[in-house]
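Work through these exercises with the structure open. Try each task before reading its solution.

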Amino acid sequence: MTYLAPERRAGLRLHLNENTAGCSPRVLEALRALTPSDIANYPDYDAITRRVEQYFSLPSGWVQLVNGLDEGLHIVAAAAAFEEKVSGAFKKGTRHLFRGGVYPEPAFEMYRVCAEAVGLPVTPIPPRPDFEFPLDELLAAAPDAGVVYLTDPNNPTGLGIPAGAIEHIAAAAPTTTVLVDEAYADFSGRTIIGPVLDRHHNLIVGRTFAKGHGLAALRIGALVAHPDALAPLRALLPPFSLNIAAVVALTAALDDDAWVRAYVAQSAESRERIYAFCETHHFRYWRSEANFVLMRIGDSASAIVAQMAERGIFIRDRSAAPGCVGCIRISAGTVDATDRCLQTLEAVLASRNN
């Protein structure tokens, strides 16, 4: 299977970790087959939910589909805030500590955005040297938190969480929701979806079909957990989160697993090319389990990102993120897109040295 980066009038987008190959052709066929009646009627939500549960090898009741994983993050924060406010109401006249959100830095910005949108305070854990996973700090903070946000693999570092750490945190804080964002699980090949969710009902896994399946613009995500953990979230969700285009697209995408596997292989090759580029230029980088690579190029990071944009190549300036001084992040998708990016980056670096 051959992938070529699709032409985009706005340039080559390697700053948002999108799928640079686009969605499966089967998705487009399914969307073109929609009829006026399909669009005039609500989709069969039960059928698509069962299909996703089969995809994750789960029984009925363990998946809640959401309008992009961001809606899932928002509703988890809302449930935690609601629980705390109700709990506080029953403790009138006593000191009540409002349990907020906790996450290790650097982290996906939407954790803070979603938490603060519902009045849930957040406490970031500062990064350790070389982004070592802060297990001790999380174990200490988790029992007093309403939500612990974890990303596996992490964004923006691409580093995975050590084996056993997630279950250790969940066991140490059984009344705390532990949300594990697995947005990049298609690329890492790892997931905690399985028996661990039955052992720890405070564990919730967030998944998206934006990255590997290329459905970012259709906004499709999933919360995966024991039904007891999903029940309070479902009470806060609207009944019709997904539109018909998202439903038929997801069905078609799940039926073309070969497309995802081939794209994941392209991403792995792209990462290796980025590593080689970094080694040639003596840039510090972190080996990633996701579809992007974080590299440290120095004080000129922001200026280089701007110069790349002028040439139609968009990469992400991460130099302001905790622990990421002088860093940029490049999405690793198709080899064609990666080669174009690295050739342009080479030219930008050369122009700065002249």
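**Exercise 1. Is Ser267 buried or exposed?**

Solution. Start with the ground rules. This is a predicted model, in which local features need pLDDT of at least 70, side-chain atom pairs count only at pLDDT 80 or more, and totals for chains, interfaces and linings use all residues. Residues are numbered from 1 along each chain as its sequence is written, and side-chain values use heavy atoms, with hydrogens and water left out.

Now apply the cut-offs: buried is under 20% relative accessible area, exposed is over 50%, and partly exposed is in between (1.4 Å probe, protein chains only). Ser267 has 0% relative accessibility, so Ser267 is buried.

Ser267 belongs to helix 12. Helices (H or I, at least four residues) and strands (E, at least two) are DSSP runs, numbered from the N terminus.

Then list its partners. Contact means heavy atoms within 4.5 Å. Setting aside neighbours within four places in sequence, Ser267 touches Phe187, Ala290, Asn291, Ala332 and Gly333.

Last, check a distance. From C-alpha to C-alpha, Gly194 and Ser267 are 26 Å apart; in sequence, they are 73 residues apart.

**Exercise 2. Find how many residues of helix 11 are buried, and what covers them.**

Solution. Select residues 244–254. Of these 11 residues, 10 are buried, so the helix is mostly covered. Among the buried ones are Ile244, Val247, Leu250 and Leu254.

Look at the cover. It includes helix 1 (25–32), helix 2 (36–40), helix 3 (45–55) and helix 12 (257–281).

Finish at the N-terminal end. Asn243 caps helix 11 there, with a side-chain oxygen 2.9 Å from the backbone nitrogen of Ala245.

**Exercise 3. Work out which parts the salt bridge of Glu109 and Arg318 ties together.**

Solution. Recall the rule: a salt bridge is a side-chain nitrogen of Lys or Arg within 4 Å of a carboxyl oxygen of Asp or Glu. The structure has 20 of them.

Check the pair. The N to O distance between the side chains of Glu109 and Arg318 is 2.7 Å. Glu109 sits in the loop between strand 3 (101–104) and helix 5 (110–117), and Arg318 in the loop between strand 12 (316–317) and strand 13 (327–331), so the bridge links parts 209 residues apart in sequence.

Compare the two ends. Glu109 is partly exposed, at 34% relative accessibility. Arg318 is buried, at 6%.

**Exercise 4. Trace the salt bridges of Arg207 to Glu182 and Asp186.**

Solution. Take Glu182 to begin with. Its closest N and O atoms with Arg207 are 3.2 Å apart. Arg207 lies in strand 7 (residues 203–208) and Glu182 in the loop between strand 6 (177–181) and helix 8 (185–188), so this pair joins parts 25 residues apart in sequence. Both Arg207 and Glu182 are buried.

Move to Asp186. Its side chain meets that of Arg207 at 3.9 Å, N to O. Asp186 is in helix 8 and Arg207 in strand 7, so parts 21 residues apart in sequence are tied together. Asp186 is buried too, as is Arg207.

Elsewhere, salt bridges with shared partners join Arg128, Glu132, Asp136 and Glu137 into one network.

**Exercise 5. How many disulfides does the structure hold?**

Solution. A disulfide needs a pair of cysteine sulfur atoms within 2.5 Å. The count is 0. Cys278 is buried, at 0% relative accessibility. Cys23 also counts as buried, at 19%.

Technical notes
A polar contact is a pair of N or O atoms within 3.5 Å; within protein, one must be able to donate a hydrogen and the other to accept it, and residues adjacent in sequence count only if both atoms are side-chain atoms.
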